[in-house]
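This report goes through selected local features of a two-chain model, one region at a time. The sequence and structure come before the details.

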Amino acid sequence: MNKLIWRQSLIFVLLLSFLGCAAVETVTTVATDVAVHTGKISRQQADSIRKGTAAVSKSLEDFTPEQEYYIGRSVGAVVLNKYQPLANTKVNSYLNLLGQTLAQASDMPELFGGYHFLALDSDDINAFATPGGHIFITRGLIRCCRTEDALAAVLAHEIGHIQLRHGMRAIEKARITEALTILAQEGAKSFGSQAISQLTQAFGGAIADITNTMINSGYSRAYEYQADAAAVVILQRTGYNPGALSEMLHVMAKQIKPGGTDFAKTHPSPQNRIAELQAAGKSFAVSQTPAIRKERFVKAIGQL
Amino acid sequence: MYHCRLIMISLSLLSLLLLNTVGEAQQVMSIQVREGQLRTTPSHLGKFVARLSYGDRVTVIAGQGAWKKVSLTDGKYQGWVHETALTSKRIILKAGQSDVGTSVSRDEIALAGKGFNEEVEAQYRKNNINIDYNWINKMEAIKVSPEQMENFIRTGQLAQGLEGGKP
């Protein structure tokens, strides 16, 4: 008899696991929303509860890739308000060839508008990735790369931020709720001018949340380490030397200026990133880059 | 008695599993990217069979890793699409224009063009005239063809066929 009860419970648990996952996420999102609104828990507490059930992605998934694309365009435009683009066709063509090859090997190869890469005319050591697939890299950071493999590591790290949706996660929860509420109210009807102006306000807030995080405060260390780990996987899938990330970080450690307003401010130190890679078993020995890759790398960006 | 219940539960579990399998075989999905590429092989290096538009409905007929072999609902083309270009949601291209029956819940509908869209961007630009989108448009115009990518991979002695996708 005991055996039978045990068997029944097992089947019941199995059934639940088939049906339960999605429902739990929705319930958590609603419950934490209510709790925040009634003042029972803070927004931060709600966020951590949701992270536990992966429900953060549930609410972010309510944004279509098309909406992330439009967020990305404006985030990119704000970045280009701070940094001048490097109008060099040879460099930008090479970045796109390399970057798009890496992106197709990522966990998020398809975006609404695809991946696009642009060099920035600055000696700062900096790079940015928008939720819409726009990736920017400064001349200063390109100079930290001695091989195509190292440059691939930098671009793969930025692709990692996109596939992990770190930009979208920088948007204040309240703004996401606001925008989704406007959408829900309107249903399938067309928008009135008041709704457009409300949406534009939420949009502007979202752009500010993301750009402030990317340019000023930086993502959390955990996000940077996750992007590094994602970069190593992308390098392995595409046949680049996965040790190139640590190699680039060693060069960056020598070139970065303490107190600078670039990666020095927004990223964990290169030394810490190397240590984290080692701790996670993602540190690899540097191997020789084939001559052909060296050649085309020098040809494309040697003048920088 | 216990045996009876056990059999009942097992049967319902089994039917649920079968239901899932049948559902997958006939799954209809939507293209959720601006320009979806239908390819000859399950690879980003696969040649294009056809270009699909945002919101196009496709029937999934087979799967391989993160790739789905799909057929356009009018049956005209068949080919491979990466799963991240697909959504199970139905996409309504214009707000207010709906061919969706009442059986489809709001959660299953992605409202294309609604929310943060071109109109909202235009309004945002009006409020922030110092922000320039010229280079955003320029960088978006840079395209890499499957042939260029294949050549880049081959000549660079990189790995072919190691595709991405959610594990």
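## Surroundings of A:Phe112

Leaving aside residues up to four places away in sequence, A:Phe112 touches A:Pro65, A:Glu66, A:Glu68 and A:Tyr69, along with B:Val33 and B:Arg34. Two residues are in contact if their C-beta atoms, placed from the backbone, lie within 7 Å. This is a predicted model, in which local features need pLDDT of at least 70 and side-chain atom pairs count only at pLDDT 80 or more, while totals for chains, interfaces and linings use all residues. Residues are numbered from 1 along each chain as its sequence is written, and chains are lettered from A and ligands numbered from 1 in the order in which they are written.

A:Phe112 sits in the loop between helix 5 (89–103) and strand 1 (116–120) of chain A; helices (H or I, at least four residues) and strands (E, at least two) are DSSP runs, numbered from the N terminus. A:Phe112 is buried, because 21 other C-beta atoms lie within 10 Å. The cut-offs are 20 or more such atoms for buried, 12 or fewer for exposed, and partly exposed in between, with C-beta atoms placed from the backbone. From A:Phe112 to A:Phe136 the separation is 24 residues in sequence and 18 Å in space, C-alpha to C-alpha.

## Helix packing between the chains

Helix 5 of chain A packs against helix 4 of chain B at an angle of about 90°, and their axes are 10 Å apart. Axes are lines fitted to C-alpha atoms, for helices over the stretch in contact, and angles run from 0 to 180 degrees between N-to-C directions. The two helices are therefore roughly perpendicular (65 to 115 degrees). Helix 5 of chain A contributes A:Leu97, A:Gln100 and A:Thr101 to the contact, and helix 4 of chain B contributes B:Gln148, B:Met149, B:Phe152 and B:Ile153. By class, the contact residues are 4 nonpolar, 3 polar and no charged.

## A hairpin in chain B

Strand 5 (residues 67–72) and strand 6 of chain B pair in the antiparallel sense over 5 bridges; pairing requires at least two DSSP bridges. B:Lys68 is opposite B:Val81 of strand 6. The hairpin has 5 residues between the strands, and B:Gly75 takes a positive phi near 80° in it. Strand 6 (residues 78–82) is mostly covered, with 4 of its 5 residues buried.

A:Arg165, not a glycine, has a positive phi of about 55°. It lies in the loop between helix 7 (148–163) and helix 8 (166–169) of chain A. A:Arg165 is partly exposed, as 17 other C-beta atoms lie within 10 Å.

B:Gln157 also has a positive phi of about 55° without being a glycine. This residue belongs to the segment after helix 4 (146–155) of chain B. B:Gln157 is exposed, with 12 other C-beta atoms within 10 Å.

Key: Angles under 35 degrees count as roughly parallel, over 145 as roughly antiparallel, 65 to 115 as roughly perpendicular and the rest as oblique. Ala, Val, Leu, Ile, Met, Phe, Trp, Tyr, Cys and Pro count as nonpolar, Asp, Glu, Lys and Arg as charged, and the others, Gly among them, as polar.
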